[in-house]
Amino acid sequence: MSEAALRQSPEAGAPLVSVQKLARYFDVSKPLLNRVLEREERLVLKAVDGISFDIPRGRTFALVGESGCGKSTVARCIVGLYRPSAGAILFDGVDMAALKSRHEIMPLRRRLQMIFQDPYASLNPRWRIANIIAEPIVAHRLMSDRKAIRARVDELLRHVGMAPKDGEKFPHEFSGGQRQRISIARALASNPEFLVCDEPTSALDVSVQAQILNLMTDLQAELGLTYLLISHDLAVVYNFADEVGVMYLGRLVEQGAVEELFRAPRHPYTRMLLDAIPDLDMTGRARTPVAGEVPDPIDPPPGCAFHPRCPHADERCRTEAPVSIRTADRQVACHGIEEGRIRVGERVVAQNNAVSVD
Amino acid sequence: MAKNNQTKNRMAGPLLKIENLRIEFPTRHGTLLAIDDISFEIAEGEILGVVGESGAGKSITGMSIIGLLDPPGRVAGGRITLEGRRIDNLSYEEMRRIRGKKIGAIFQDPLTSLNPLYTIGRQLIETIQTHTKLSAAQAHRRAIELLEEVGIPAAERRIDAYPHQFSGGMRQRVVIALALCAKPRLIIADEPTTALDVSVQAQIISLLKQLSREHGAAVMLVTHDMGVIAETTDRVAVMYAGRIAEIGPVDQVIKHPKHPYTVGLMGSIPSTSHRTERLVQIEGAMPRLTDIPTGCAFNPRCPKVLERCRVERPELAAVEDSRAACWLYGDKAPAHV
């Protein structure tokens, strides 16, 4: 972790990334003429609606939630693919959304990179691997000597467990797992401190997923990287992240340290999600199916967005949106928890889950 | 080829029986063997899980049973028997009658399984009338019953809706209702929950289990999700490079895997009940069909490889309650006794 220590900024302890009341709305209205003729209102989709979290240096923060909850929108706002509608994203203390000119943004951009879900779509099929990996170096003008660039690419390829001669090949010659290694090598090319990983292993088979997650763990220890992991897979989050935020319809309903949150989930939605995942020690046992589905985000329910599916909902939940309350180890946005109506207990987990290897 | 007769006396007659199935894909660069001599059976009311990485041959096996192999793929050897009747050599017309009536299929993506231009009611009624002698009014009533059975609220109203008006989970329920139209004896479910969120996944899984229990239908559940396998199936077959590496009761295979590949596969699955710093990983990748190694297909990646594994292919042999194709267990119980 020596490099990690070197990278500590003067104000050690300050988070590397701080997301503050981030919101991103999309206008999904019909064209003006239709609106006038059909007398319809503007329609706004609140994909992310005021969420806040901090990521300390060298740690992994995970956002989990079902499809459509807004987790990928958060990732795209952080790397600058979307401009936030409101709120701030502080990277090492600098508000990225406030920076306007290209020469102000570029030095910051170099320090954060993204790994995408689909390794088939994120690599240009007509480029050789060496050029794909060298692109951030060229784009940020980090090196100009071609020999030096090639040496750096070879080093990156070795870093992700591939051979320098693979640089001569094209993406179609590689399997999904190898392509994801190439994506990681490209992301590392500009010496970033922060990687946003949007479902990095969802397109891969489990055995390949294990290889990629282990590689990411090794790289984090070696280079002192900070990760934001976007995933719908709670088991991946549990084994890979340090802290986790659970999203539902554009809001964070609960966040805290992974170990604690999985041991004793508080928000009814978090509990529902944890109950719904199949686990290997479930053989023969039925999991509790959850009623209902995620509501339409264009027309979310009033009050707490989860109330139509929540077994504990009362009048207040139906009318008033809960705010996030911070306790020692957790932030939960739930009236029932705040009022002490909902009893919180520990999740029952089977102990004898270890796979015997004989 | 191995004479796999050991299953002969186990039961009066399994619902589905696959014997020494081989599936080939002739290409310009030679013939690829996608399925290389696999045998298994499914009893009435039983759910058999089929797992493996992409390219292991899970889906192709399912497709060959319903007779929908993509050309140029073809069954090159072995036999498929459904309720005692051989079905792998039927003509297109004969197979069309069996498909739907005897075998229902559920695929991964519910949107592509439904015709977007017709209401779901029309699609259901058409399927019902193809396979039964019900009148239009009776078929309409039966369609509503089916929708209610798969848990679609307000079925009477929803029957006139189009597929795009349903959410992913509800669409998958419609697809299941379609598969059930003619009360099939066998249901082939190919990754039925992969496109769905976890909370909806649980609903679909419990629906599948309930249907197999109530209708006594046999289910072949193809998935790469071991969690789904663990809670749904009775037995599980683990496939690797077109062969069955291990097959046995789900508890045995998951908790006491025998084949080194299964051991690695189970270990690589992250769990939500205990945290590990590093996941178990199998080095390397599954071989392409063009260069499957001689002997055991897993031998280049196997941590316990023996000299014999490199030259001689192991057959499935009984190991405790499971059967594994692995030389580690020696010749204790050869498959052809």
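These are my notes on two chains and the contact they make.

**Ground rules.** I'm working from a predicted model, so I noted that local features need pLDDT of at least 70 and side-chain atom pairs count only at pLDDT 80 or more, while totals for chains, interfaces and linings use all residues. Residues are numbered from 1 along each chain as its sequence is written, with chains lettered from A and ligands numbered from 1 in the order in which they are written.

**Chain A.** I looked up the secondary structure and got 13 helices and 12 strands (DSSP runs numbered from the N terminus: H or I of at least four residues for helices, E of at least two for strands). Of its 358 residues, 43% are buried (20 or more other C-beta atoms within 10 Å of the residue's own, with C-beta atoms placed from the backbone; 12 or fewer is exposed, in between is partly exposed). I also checked contacts (C-beta atoms, placed from the backbone, within 7 Å). In chain A, 66% of those with a separation of 6 or more link residues 24 or more positions apart.

**Helices H7 and H8 of chain A.** I looked at how H7(A), residues 176-188, packs on H8(A): the angle is about 15° and the axes are 9 Å apart (axes are lines fitted to C-alpha atoms over the stretch in contact, and angles run from 0 to 180 degrees between N-to-C directions). That makes the two helices, H7(A) and H8(A), roughly parallel (under 35 degrees; over 145 is roughly antiparallel, 65 to 115 roughly perpendicular, the rest oblique). From H7(A), Gly176(A), Gly177(A), Gln180(A), Arg181(A) and Ile184(A) meet Val208(A), Gln211(A), Ile212(A) and Leu215(A) of H8(A). By class I have four nonpolar, four polar and one charged (Ala, Val, Leu, Ile, Met, Phe, Trp, Tyr, Cys and Pro are nonpolar; Asp, Glu, Lys and Arg are charged; the others, Gly among them, are polar).

**Where A touches B.** I find 42 residues from chain A and 43 from chain B in the contact. On the chain A side, the elements giving two or more residues are H8 (206-223), H9 (234-240), H10 (258-263) and H11 (268-276). H8(A) gives the most, with seven residues. That side of chain A splits into 23 nonpolar, 11 polar and eight charged residues.

**Chain B.** I get 11 helices and 12 strands here, and 48% of the 337 residues are buried. The C-alpha atoms fill a box of roughly 65 × 50 × 45 Å along the principal axes. Among contacts between residues at least 6 apart in sequence, 63% join residues at least 24 apart.

Technical notes
Contact = placed C-beta atoms within 7 Å.
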